[in-house]
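Subject: Handover of a structure for your study

Dear colleague,

Please find below the structure that I am handing over to you. My findings follow it, and I would ask you to read them with the structure open.

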Amino acid sequence: MGMGRNQTRPIPCVKEGKLQMATTIQSLTTQNHRKRDRERKIIRGLTFFFALVSVGTTAGIIYELLKETVLFFQEVSILEFFTDTRWTPLFASKRFGVLPLVNGTLLVAAGAMLVAVPLGLLAAIFLSEYASERMRKILKPILEILAGIPTVVYGYFALLFITPILRDLFPETQIFNAASASIAMGFMILPLMASVSEDALSAVPRSLREAAYAMGATKFETATQVVLPAALSGVAAAFILAVSRAIGETMIVAIAAGQQPKLTLNPLQSIETMTAYIVQVSLGDTPHQSIAYKTIFAVGMLLFGMTLIMNIISYFVTKRFREKYE
Amino acid sequence: MDNNHVVLETKNLNVFYGNFLAIKDVNFQVFRNQITAIIGPSGCGKSTLLRSFNRMNELVPSARSEGKILFNGEDIYDPAIDPVEVRRKIGMVFQKPNPFPKSIYENIAWGLKINGFRGSKSEMDDLVEQALRGAALWDEVKDKLDQSGLSLSGGQQQRLCIARAIAIKPEVILMDEPASALDPIATLKIEDLMRELKENYTIVIVTHNMQEAARVSDYTAMMMLTGEGERSGTVIEFDRTSVIFTRPKDKRTEDYITGRFG
Amino acid sequence: MSTLTALRDVTFERNLSLRKLKGKIFEIIAFFAILLGIAMLLTLLIDVFLDGLPWLSTKLFTEFPSRFPDRAGLRSALQGSLWLMVLTAALAIPIGVGAGIYLEEFAPQNRITRFIEINVANLAGVPSIIYGLLGLGLFVRQLGLGRTLIAGAMTMALLVLPIIIVTTREAIRAVPQSIRQAALALGATDWEVSRDHVLVYSAPAILTGIILAMSRAIGETAPLITIGALTYIAFDPKGPFDIFTVLPIQIFNWISLPQSDFHGLAAAGIIILLAVLLSMNALAIWLRNRLLIRW
């Protein structure tokens, strides 16, 4: 890459005619070269433009969210948005306190992490420290399938398989509840948690493991007391990424967790997450200028902000982790 | 050869990686409280031989060995013997310093803890200090024991690794080119330290640096690639270092030492 | 455990067998964590199959949605998914692969490049429903495309773009530097090196990434709901400017209905969706094993 770029630079010099050859060949070369150079410049420009599309996407997201959010806050005070404890923009008596939605989002995400973190971390340690090469080659792709299943399928599974079991175990469970969404989401996120953590564990230099073994440590002691602490920042990045994924997940909660924004910590109750609210409004035919239309952008802005912060933290944590061992 | 107490002895040792015979038919001894150097051209199996002594080779999945390695007369490759136990008694210092990303104190205390040290905090402090003094590092780090081991210079890190190894009181310390990643001054310090350490420990050192072998070791084992297509390493000559460097018996040893080889 | 008497040491309480036992227990627990994940996967698949198999019939492919379960089908949803996939691929592949080539082969090491790279990394972590809001605000409203296939495809293309860029870069990076140098030494420009060598050799890996990105697009639901892909479409979409629905939205719609017959239909739809995804993934694996150059 660096090499590739530098080596091409001298080529334009040829065009200036420094190479003294038979003039006919010289002119041919020059003409040929001009054409090639033009093609090269066009492609460079075009691909640069394509690369800029990603910047445009980010800018577009921020612009669209901000535009409607500003309109929203012309009608609703920021103070009400962040402190009111009721969220009823679709009712006659409208209240715009986003806290119940945030509460629902965090409740489901926390439940999902209760499933994904221990299982994912154990799976990562097993894959990186215990499994043979063959075992890893079989187990990893199977786990990855979990991440490839569409979320609408998890929603089906949560509502029609997990919820009935929960209702048998805890009769007070509501049909739509946070717990079943959490469990399904936890298994969906498990491969992400496992594979990012495993990358971190595998990045710990072999010399460190050897140092521990050379002192008479067992495999368990080496894995949990040397390798895991050394990979901790990488594991932390995996955790943050997983939380961010859980917060932004939509279909599972839209199907299984309900549409009742409320401030509760009881996972057996029906709640509503930020994402599920956006789906709820999108399903109805909401007029463009209405306040309900604006609420989904305001909620979306908050959601985007939350995940953005987490992605940035995870990005820098990962970067520092990589620097440590390179 | 004099009748010192033999701590380690290999008998017809062969080590394979898969089907590849890395070292073959190695026979030599390591004497108590002496420094034994293993020298030879690169790729001749010096590190493989060294790593056989504490069964670190087993961490490579395809590795397998034949023959015996006796430690105080008992075969460490006996199926009843646990490699963890072996490594506790035969410590190791690696080519590149590899302190744990923990505090200087924890780097040393950890080995004691996992090996079942049950003493009080002050006893632990004493042992940590002892180990750091033993590695000639105490004066440089005594005021910053809670700093990361990674904050030290390369030479200090390597001495920390030596301190870590001696803290659990092994009988033998294996050193795999311990100074190759260090500058000349740090190297000198490590070499001085080795001479001190041999009062209490038996040291086996792999080095590609013949001057270093001549400076620090009492005995030298010369390794060379031999066999079909010269692919398997073996010890071609083993003797007192003074003999190896002045009156080698093997022509190949002489060529190598005088620089006519490789 | 040990017979090595010389290794016994009085100053340490070694208790190696207990330490080993702890390790063994931990290993078993860790293995069970993986097994639990796999068991959950199997449970999910079996549950869906048991629910959906009775409803799986050719009628699903020929009938439009209906409020009578025995007459309901996925015809418009399947066609919508196919349309959407083709349009998304047509938009996302050139842009994604192009951006990947630029970042890996042409981009100078400067702040603009760093900024683009951070952007791509961040976009990969943006929740899909946010893309839906972008599509709703920008394509549906501002560009006035309405709730059409093209608006959906543009939204989906932006969503899968980071995946294609990242996999393209990885594929390109796997081509050894020596190949580039050999080509440059023959007087090729950097674009010629990319076009005739780097892209050719990395094509199987790039293609694998594209298939994975497309399988992500085909299963996505949330952003399309947000831009307003309707759930009841009783005609065949004819072109990019028609309104549409897709397979996962129709499944979602059936799950949301209270009658259990519709849940059976939803499960049958899921079986079809999973079968499509499975064949795409199998294709990706086959491509990788068959065509990938191992340097």
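Two residues are said to be in contact, or to touch, if their C-beta atoms, placed from the backbone, lie within 7 Å. By that rule, and leaving out residues up to four places away in sequence, Ala158(A) touches Thr163(A), Ser180(A), Ala181(A), Ile183(A), Ala184(A), Ile252(A), Ile255(A) and Ala256(A). Please note that the model is a predicted one.

Confidence

The predictor assigns the complex an ipTM of 0.90 and a pTM of 0.82. For chain A, the mean pLDDT is 88, and 89% of the residues score at least 70.

Chain A

Which kinds of secondary structure does chain A contain, helices or strands? It has 14 helices and 0 strands. Of its 326 residues, 51% count as buried. Among the contacts in chain A with a separation of 6 or more, 72% join residues 24 or more positions apart.

The largest nonpolar core holds 274 residues, and the members that touch the most other members are Tyr156(A), Ala158(A), Ala184(A), Met193(A) and Ala242(A). Ala158(A) and Ala184(A), both on that list, also touch each other. Helix H5 of chain A (residues 99-130) gives this core its largest share, 18 residues.

Helix H11 of chain A (residues 232-248) has 17 residues and spans 24 Å from its first C-alpha to its last, close to the 24 Å expected at 1.5 Å a residue. Why is H11(A) described as largely enclosed by the rest of the structure? The reason is that 14 of its 17 residues are buried.

Chain C

Helix H8 of chain C (residues 190-219) has 30 residues, yet its end C-alpha atoms are only 38 Å apart, short of the 44 Å that a straight helix would reach. H8(C) bends by about 60 degrees at Ala203(C), and the proline Pro204(C) follows within four residues.

Gly100(C) is found in helix H3 of chain C (residues 75-106). Is Gly100(C) buried or exposed? A residue is buried if 20 or more other C-beta atoms lie within 10 Å of its own. Gly100(C) has 29 such neighbours, and therefore counts as buried. Its contacts, not counting residues up to four places away in sequence, are Ile164(C), Ile165(C), Thr168(C), Arg169(C) and Ile172(C). Gly100(C) and Val166(C) are 66 residues apart in sequence, but their C-alpha atoms are 6.9 Å apart in space.

Chain B

Leu70(B) lies in strand E5 of chain B (residues 63-71). With 17 other C-beta atoms within 10 Å, Leu70(B) is partly exposed. Beyond its neighbours within four places in sequence, Leu70(B) is in contact with Leu8(B), Glu9(B), Lys11(B) and Asp75(B).

Two residues of chain B deserve a look at their backbone angles. Asn12(B), in strand E1 (residues 6-17), has a phi near 50 degrees, a positive value in a residue other than glycine. Lys169(B), in the loop between H6 and strand E8 (172-176), likewise has a positive phi, of about 55 degrees, although it is not a glycine. Asn12(B) is exposed, with 11 other C-beta atoms within 10 Å, whereas Lys169(B) is buried, with 21.

Contacts between chains

Where chains C and A meet, 75 residues of chain C are in contact with 77 residues of chain A. Helix H1 of chain C (residues 16-52) provides the largest share of the chain C side, 18 residues. By class, that side has 46 nonpolar, 18 polar and 11 charged residues.

The contact between chains B and A takes 20 residues from chain B and 14 residues from chain A. On the chain B side, the elements that give two or more residues are helix H2 (83-89), strand E7 (90-93), helix H3 (104-114) and helix H6 (154-167). This side has 11 nonpolar, 5 polar and 4 charged residues.

A colleague

Note on methods:
Residues are numbered from 1 along each chain as its sequence is written. Chains are lettered from A and ligands numbered from 1 in the order in which they are written. This is a predicted model: local features need pLDDT of at least 70, side-chain atom pairs count only at pLDDT 80 or more; totals for chains, interfaces and linings use all residues. A residue is buried if 20 or more other C-beta atoms lie within 10 Å of its own, exposed if 12 or fewer, and partly exposed in between; C-beta atoms are placed from the backbone. The expected span of a helix is 1.5 Å times one less than its number of residues. The bend at a residue is the angle between axes fitted to the seven residues ending there and the seven starting there. Ala, Val, Leu, Ile, Met, Phe, Trp, Tyr, Cys and Pro count as nonpolar, Asp, Glu, Lys and Arg as charged, and the others, Gly among them, as polar. A nonpolar core is a set of buried Ala, Val, Leu, Ile, Met, Phe, Trp, Tyr and Cys residues joined through C-beta atoms within 7 Å. pLDDT is the predictor's confidence in each residue, from 0 to 100.
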